Amino acid sequence: MKHMSLQEISDACGGTYHGSKEAASAKVSSVVIDSRKAENGSLFVAIKGARVDGHDFIPQVMEKGARCAVSEQDLGDVPYPYIRVESCEQALKDIAEHYRRSLDIKVVGISGSVGKTSTKEMIASVLSEKYNVLKTEGNFNNEIGLPLTVFNIREEHEIAVLEMGISNFGEMTRLAKIARPDICVFTNIGVAHIESLGSRDGILKAKTEMIDYMNPEGTIIVNGDDDKLRGFTPQNGLTPVCFGLDASCPFHAEQVTSRGLKGTDVHIVTPVSSFDTHISIPGRHMVYNALAAAAVGYALGLTDEEIAQGIASNVPIAGRNNLIEGKCYTVIDDCYNANPASMKASIAVLSDAGTRTVAILGDMFELGEDGPQMHYDTGKYAADCGINVLICIGKLSAEIARGARENSSPSQIEICEFATKDDFFKDAGRILKEKDTILVKASHGMDFAKIVAKLQDM
């Protein structure tokens with residue numbers, strides 16, 4: 001990161017600096033909340049978590065060579081500088097906002113109910129054909145993760161592609177205040193987090209709070225096939241640019257040809273040109289990600305050739321439609337998270353496998369009172385797609401099993417139910433067959449990564 005002095009940091013977060021005048025002008029080389037990542041020159045922000053309190057680690061972090069600590073506690077007479085604040089979480093955001101505003105860099109902000117991470121990866125792949133790009137890593141997309149991502153921006157970076165995830169009103173406003181996006185991308189408006197946001201209209205309102213802190217001369221890019229986004233009119237007067245499969249969208253796809261698990265060939269049309277490309281990650285939903293990336297690339301001056309190459313170069317990451325060739329099985333690792341739309345999209349990918357197909361599905365969280373029905377509908381969809389074996393793990397997933405059972409016959413689909421992953425492991429050898437293609441998907445809290453790991457060793 002670009003270095004900031006302790007006095008500058010203290011002023012940015014409204015803290016009280018404790019230490020010598022000489023130390024106040026010293027600069028930090030990184031900002032961390034994990035004591036294990038502290039190094040010489042670090043600023044350590046003592047976040048109080050559910051299980052551990054960062055304040056307990058301040059002495060050892062300073063012994064490791066950290067430059068300064070940010071603390072909610074009065075540390076008394078200590079031999080190192082620290083900044084006293086009311087809230088370390090708020091201080092982290094305030095410092096990140098100050099740091100972002102000091103940078104001469106374009107920021108692409110991405111939000112939506114489904115596909116944020118895969119869209120982020122596709123956009124970053126395209127932009128990397130021309131620019132030095134920093135992108136959100138892992139799940140660093142919330143009010144703790146986004147500031148830490150911003151601190152990773154260095155002077156050599158030309159574009160930052162930032163995923164922004166929320167679950168309630170006001171969160172996106174706080175994230176956007178830090179990110180200050182030049183381009184806002186909205187993938188879709190689904191039902192994820194509907195439990196706290198009330199309705200799809202509520203989800204639209206919460207997601208589009210991003211626009212409140214965007215560059216007023218920037219670009220808004222939306223999925224024109226989404227009924228809530230198609231007619232969306234932002235209050236800042238900008239006209240959204242639409243992408244989608246519908247030919248009325250300025251960025252749309254023609255001649256979409258599935259290659260099964262080997263991806264999709266597609267002809268992309270822009271407002272002034274068209275080109276062919278290949279999407280290596282399977283699934284029709286990936287066409288939307290490619291179109292969004294094309295729209296962003298177009299806005300940032302890339303050529304058709306650069307956009308096409310960036311789309312073709314994009315590869316999956318762990319837990320996100322990642323195809324793994326194991327000893328006995330082909331595994332579609334899509335276990336990082338799940339909601340009804342993404343679950344159905346993954347089932348559709350599995351149905352193109354060309355082998356015996358097995359879907360190992362788990363509970364989807366934060367769906368509110370309609371959650372059971374949404375699980376039921378997912379099971380019906382799996383049956384309609386002709387999945388051969390359906391393995392349901394978890395309490396809510398019993399509804400997936402019921403949906404499949406009531407909309408198929410035993411000769412069409414084999415349905416297995418388990419309370420826990422361990423229960424499934426005991427029976428896996430009996431159910432699975434060599435050369436099966438197996439989808440693994442559930443909400444992150446189900447920890448289905450353990451199933452993926454187990455399948456690779458079987």
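I began with C88, which is buried, with a relative accessible area of 0%; buried means under 20% relative accessible area and exposed over 50%, with partly exposed in between, for a 1.4 Å probe and protein chains only.

**Before going on.** I noted that this is a predicted model, in which local features need pLDDT of at least 70 and side-chain atom pairs count only at pLDDT 80 or more, while totals for chains, interfaces and linings use all residues. I also noted that residues are numbered from 1 along each chain as its sequence is written, and that side-chain values use heavy atoms, with hydrogens and water left out.

**Cysteines.** How many disulfides does the structure hold? I found zero disulfides, where a disulfide is a pair of cysteine sulfur atoms within 2.5 Å. C88 is in no disulfide, and its nearest cysteine sulfur, that of C13, lies 8.8 Å away. I then looked up C184, which is in no disulfide either, the nearest cysteine sulfur being that of C242 at 14 Å. C184 is buried, and its relative accessible area is 0%.

**The five-stranded sheet.** I next followed an open sheet of five strands, whose order is β2-β7-β6-β5-β4 and whose pairing is mixed. Strands (E, at least two residues) and helices (H or I, at least four) are DSSP runs, numbered from the N terminus, and two strands pair if DSSP finds at least two bridges between them. At the edges stand β2 (16-18) and β4, each with a single partner strand, so one side of each has no neighbour in the sheet. Neighbouring strands are turned by 20° against each other on average, direction ignored.

Within this sheet I looked at strand β5 (residues 42-45), where S42 and F44 point one way, L43 and V45 point the other way, and all are buried. Strand β4 (residues 30-32) pairs with β5 in the parallel sense over three bridges, and the bridge partner of V31 in β5 is L43. Strand β6 (residues 68-71) also runs parallel to β5, and three bridges join them. In β6, V45 has V70 as its bridge partner, and F44 stands opposite A69.

**The nine-stranded sheet.** I then traced an open sheet of nine strands in the order β9-β10-β8-β11-β12-β13-β14-β15-β16, again with mixed pairing. Which strands are the edge strands? They are β9 (133-135) and β16 (274-279), and each pairs on one side only. The twist averages 20° from one strand to the next. Inside the sheet, strand β11 (residues 183-186) and strand β12 (residues 219-223) pair in the parallel sense over four bridges, and V185 stands opposite I221 in β12.

Helix α5 (residues 116-127) packs on this sheet, touching β8 (106-111), β9, β10 (159-163), β11 and β16, and its direction makes about 170° with that of β10. For such entries, contact means heavy atoms within 4.5 Å, and angles run from 0 to 180 degrees between N-to-C directions, with axes being lines fitted to C-alpha atoms, for helices over the stretch in contact. I also looked up helix α11 (residues 285-299), which lies across β8, β11, β12, β13 (241-244), β14 (251-258), β15 (264-269) and β16 and runs at about 140° to β14.

**A pair of helices.** Helix α4 (residues 88-101) and helix α7 (residues 171-179) pack at an angle of about 40°, with their axes 7 Å apart. That makes α4 oblique to α7, since angles under 35 degrees count as roughly parallel, over 145 as roughly antiparallel, 65 to 115 as roughly perpendicular and the rest as oblique. The contact is made by K93, A96, E97 and R100 of α4 and by R174, K177, I178 and A179 of α7.

**Loops and backbone.** Most residues other than glycine have a negative phi. H193, which is not a glycine, has a positive phi of about 70°, and its place is in the loop between β11 and α8 (194-197). K435, also not a glycine, has a positive phi of about 80°; I found K435 in the loop between α16 (421-431) and β22 (437-441). Is K435 buried or exposed? At 64% relative accessibility, K435 counts as exposed.

My last entry is G354, in the loop between α13 (340-350) and β19 (357-362), which counts as exposed at 76% relative accessibility. From C-alpha to C-alpha, G354 and E89 are 49 Å apart in space, and they are 265 residues apart in sequence.
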